Amino acid sequence: SIFHSFGSQVTLVEMLPRVLPIEDEEVSKEVERQFKKRGLKVLTGAQLQSVEKTENGVRCQIERDGKVTTLEAEMLLVAVGRAPVTEGIVLETVGVATERGYVPIDDHMRTSAPTVYAIGDVVNTPWLAHVASAEGILAVETMAGLSPEPLRYDHVPSCTYCEPEVGSVGLTETKARERGYDVAVGKFAFTALGKARILGKTGGFVKIVREKKYDEVLGVHIVGAHATELIAEACVALRLEATTEEIVRTIHAHPTLSEAVAEAAHAALGHAIHS
């Protein structure tokens, strides 16, 4: 997304069926639609088979739908996640166990060695700086003899810094249904926002997932301008076990992008006003 903004011709190759596999399916579809609208070429369900250097860059063999095609480019950027680096640091000598390279921990970040704690990328939790920071605070407070509440990893915000931005927290609609919730959803498109028109960024939407019995907000998924900032309101809502009704009754300033959160809450309750 960034290289495209700089004027490069970009082809995105993703092995899984969606460009953002961990995000809500509708959000991922919108990102792909916006990417293609901007001129990026997107190949989902595609696997990179081989790469060779050429005089002008690289030649890639890509398999998709059973067919192998050749893609030539000046540069190949590989982004396949990260892995723990725990070999050769003698963890076993202090009694710290590992599993597939990760350090197992309890809900307060304690390892198998009573006085050793582990946080961040060496433990099998989301690979995010803000997660590691929260884990560090939890570990230190536990060391100090306090009784901090364990982290709720369902409440970790996920942010994707592309154009348009993506911010999400909580359960996707699919995950909520898989867990047995009776789910209702509400969406509100940025196209109806005056502030989005002022910014010239009207693509995207806010989607709220709620459960019907107690009206608790289960997840909020945002794609669009400043989504990575807007998601903070949703994080507070989930932390406080807020209901959709409480978001509706919270007065949001106009004109703002955050109005979309309240409007999506209205839609989730079945009485959308401006969509």
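What share of the contacts in the chain between residues at least 6 apart in sequence join residues at least 24 apart? The share is 51%, where a contact means heavy atoms within 4.5 Å.

## The model and its numbering

This is a predicted model, in which local features need pLDDT of at least 70 and side-chain atom pairs count only at pLDDT 80 or more, while totals for chains, interfaces and linings use all residues. Residues are numbered from 1 along each chain as its sequence is written, and side-chain values use heavy atoms, with hydrogens and water left out.

## The chain as a whole

Let's start with the overall picture. The chain has eight helices and 10 strands; these are DSSP runs numbered from the N terminus, with helices (H or I) of at least four residues and strands (E) of at least two. Along the principal axes, the C-alpha atoms fill a box of roughly 65 × 60 × 35 Å.

Of the 275 residues in the chain, 40% are buried. Buried means under 20% relative accessible area, exposed means over 50%, and partly exposed lies in between (1.4 Å probe, protein chains only). The chain exposes about 16,000 Å², and carbon and sulfur atoms supply 53% of that area; the areas come from the Shrake-Rupley method with a 1.4 Å probe, and for residues only the protein chains shown count as cover.

## Strands that pair

Now to the strands, which count as paired if DSSP finds at least two bridges between them. Strand β1 (residues 11-14) runs parallel to strand β2 (residues 41-44), with four bridges in the pairing. Here Glu14 stands opposite Thr44 in β2. Together with helix α2 (residues 25-38), β1 and β2 make a right-handed β-α-β unit: with the strands pointing away from the viewer, the path from the first strand over the helix to the second runs clockwise.

Strand β3 (residues 46-54) pairs with strand β4 (residues 57-64) in the antiparallel sense, over eight bridges. A hairpin of two residues joins β3 to β4, and Glu52 is found opposite Arg59 in β4.

## A covered helix

Helix α8 (residues 259-268) is mostly covered, with 10 of its 10 residues buried. Among them are Val261, His266 and Ala268. The elements that cover the buried residues of α8 include the strands β8 (183-189), β9 (205-211) and β10 (217-224), as well as the helices α6 (227-239) and α7 (244-249). Just after α8 comes Gly270, which takes a positive phi of about 90°.

## A buried threonine

Thr142 is part of helix α3 (residues 129-143). Thr142 counts as buried because its relative accessibility is 9%. Leaving out residues up to four places away in sequence, Thr142 touches His108, Arg110, Tyr117 and Pro148.

## Backbone details to look for

Two cis peptide bonds can be found in the model. One runs from Glu163 to Pro164, with omega near 5°, and Pro164 sits in the loop between β6 (158-160) and β7 (165-170). Another joins His254 and Pro255, with omega about -5°; Pro255 is in the loop between α7 and α8.

Val90 has a phi near 50°, a positive value in a residue other than glycine. Val90 lies in the loop between β5 (67-73) and α3 and counts as partly exposed because its relative accessibility is 48%. His226 is not a glycine either, yet has a positive phi of about 60°. In the loop between β10 and α6, His226 is partly exposed, with a relative accessible area of 41%.
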